[in-house]
Amino acid sequence: MRFNGPMTAEEKTALAVFLDAAAASLTGGRRRTEALYRFSDDPPPGAETGGGARQALEGLDREIRACAACGLREKRTQAVPGTGAAEPLLLVVGEGPGAEEDARGLPFVGRAGQLLDRMLNSIGLSRETNCYIANVVKCRPPGNRDPLPEEIAACRHFLNRQIAVLKPRAILCAGRFAAQTLLETSEGIGRLRGRFSVYGGGDSGDGFYAEASPGAGIPLLPTYHPSALLRDESLKRPAWEDLKLLRSRLAELSPAYAESAGNSP
Ligand code: SF4
């Protein structure tokens, strides 16, 4: 019997029966019947499959990749919609794609991205399982300059719509620009970080998020951008304090997270 990739229900049943037979032969114990090991490929009742969200995200990805609504289209290699779990606990929002992200079409994939992954992993989070990672603008600003107000205005509805689909339990803003944009403030990151604010849906005026989740406010935690941590070691300690704060809040919001990685030291 060979198992390549995720096991089907039939394979799970066969493996369970085999293991039970092995245990019985070792212990002389009574074997169970195969009926006790009946697996199903159907999701358990009430389980969320994420299929609808995934489909909606794929539709948004296509729209973003085809978008030419602002000047950033001219120098991009490709747009970078975002990546991660379709029903995430956490949405990480950065500023915009850098050179490597522009080349690969994925957010946070350079050295800063690797550090972000390690930071998330340290509190039981990852883009593969329970996080989604996106940026305020989806195309690379030339020379890594801040996006212009008109570029943010043109692009903002994409992030709003991603949030409406993803329905994250919390948002982590990586860096000054993302935090200031989502919180509509000019306060510096040193004053914004270290405490939760509430994200209310942005000021794009399209009402998309408010419409999708009436009255919802998502806890939003600003922290330093990983590239700032690479430049300045002294920021690592406050960034770790932010991660611990995030871990505590997610543990309050999700018993499953609290039981697993949420309680890791
Ligand atoms: S930055 Fe946003 S609005 Fe501008 S072209 Fe890219 S996807 Fe479109």
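Strand 2 (90-94) and strand 3 (131-135) run parallel to each other and are joined by 5 bridges, where strands are taken as DSSP runs of E with at least two residues and helices as runs of H or I with at least four residues, both numbered from the N terminus. Two strands are said to pair when DSSP finds at least two bridges between them. The model described here is a predicted one, in which local features need pLDDT of at least 70 and side-chain atom pairs count only at pLDDT 80 or more, while totals for chains, interfaces and linings use all residues. Residue numbers start from 1 in each chain and follow its sequence as written.

This pair belongs to an open sheet of 6 strands, with mixed pairing and the order 1-3-2-4-6-5. At its edges are strand 1 (83-84) and strand 5 (197-199), each of which pairs on one side only. Strands of a sheet pair through backbone hydrogen bonds, either parallel or antiparallel.

Strand 4 (170-174) is mostly covered, with 5 of its 5 residues buried. A residue counts as buried if 20 or more other C-beta atoms, placed from the backbone, lie within 10 Å of its own, as exposed if 12 or fewer do, and as partly exposed in between. In a regular strand the side chains alternate between the two faces of the sheet. In strand 4, A170, L172 and A174 point one way, whereas I171 and C173 point the other way, and all are buried.

Helix 4 (residues 111-122) has 12 residues and spans 17 Å from its first C-alpha to its last, close to the 16 Å expected at 1.5 Å a residue; the expected span is 1.5 Å times one less than the number of residues. Its buried residues are A112, G113, L116, M119 and L120. These residues lie on the same side of helix 4 because they cover an arc of only 115 degrees around the axis, the arc being that of the directions from the helix axis to the C-beta atoms. The face turned away from the buried side carries the exposed residues R118 and N121. The cover over the buried residues of helix 4 includes strands 2, 3 and 4, together with helix 9 (226-231) and helix 10 (236-253), with contact meaning that the C-beta atoms of two residues, placed from the backbone, lie within 7 Å. After helix 4 comes G124, with a positive phi near 75 degrees.

Helix 2 has 16 residues and reaches 23 Å between its first and last C-alpha, close to the expected 22 Å. L57, L60 and I64 are its buried residues. Seen down the axis of helix 2, they fall within an arc of 60 degrees, so they line one face of the helix. The face turned away from that buried side carries exposed residues, among them Q55, E58 and R62. Helix 5 is included in what covers the buried residues of helix 2.

Helix 5 (residues 149-166) also gives the most to the shell around the ligand, with 3 residues. In total, 14 residues surround the ligand, and the closest are C67, C70, K138, C139 and C155; a residue is near a molecule if its C-beta atom, placed from the backbone, lies within 6 Å of it. The shell divides into 11 nonpolar, no polar and 3 charged residues, with Ala, Val, Leu, Ile, Met, Phe, Trp, Tyr, Cys and Pro taken as nonpolar, Asp, Glu, Lys and Arg as charged, and the others, Gly among them, as polar.

Most residues other than glycine have a negative phi, and most peptide bonds are trans. F108, in the loop between helix 3 and helix 4, has a positive phi near 50 degrees and counts as buried, with 29 C-beta neighbours inside 10 Å. E184, in the loop between helix 6 (176-183) and helix 7 (189-192), has a positive phi of about 55 degrees and counts as exposed, with 10 such neighbours.
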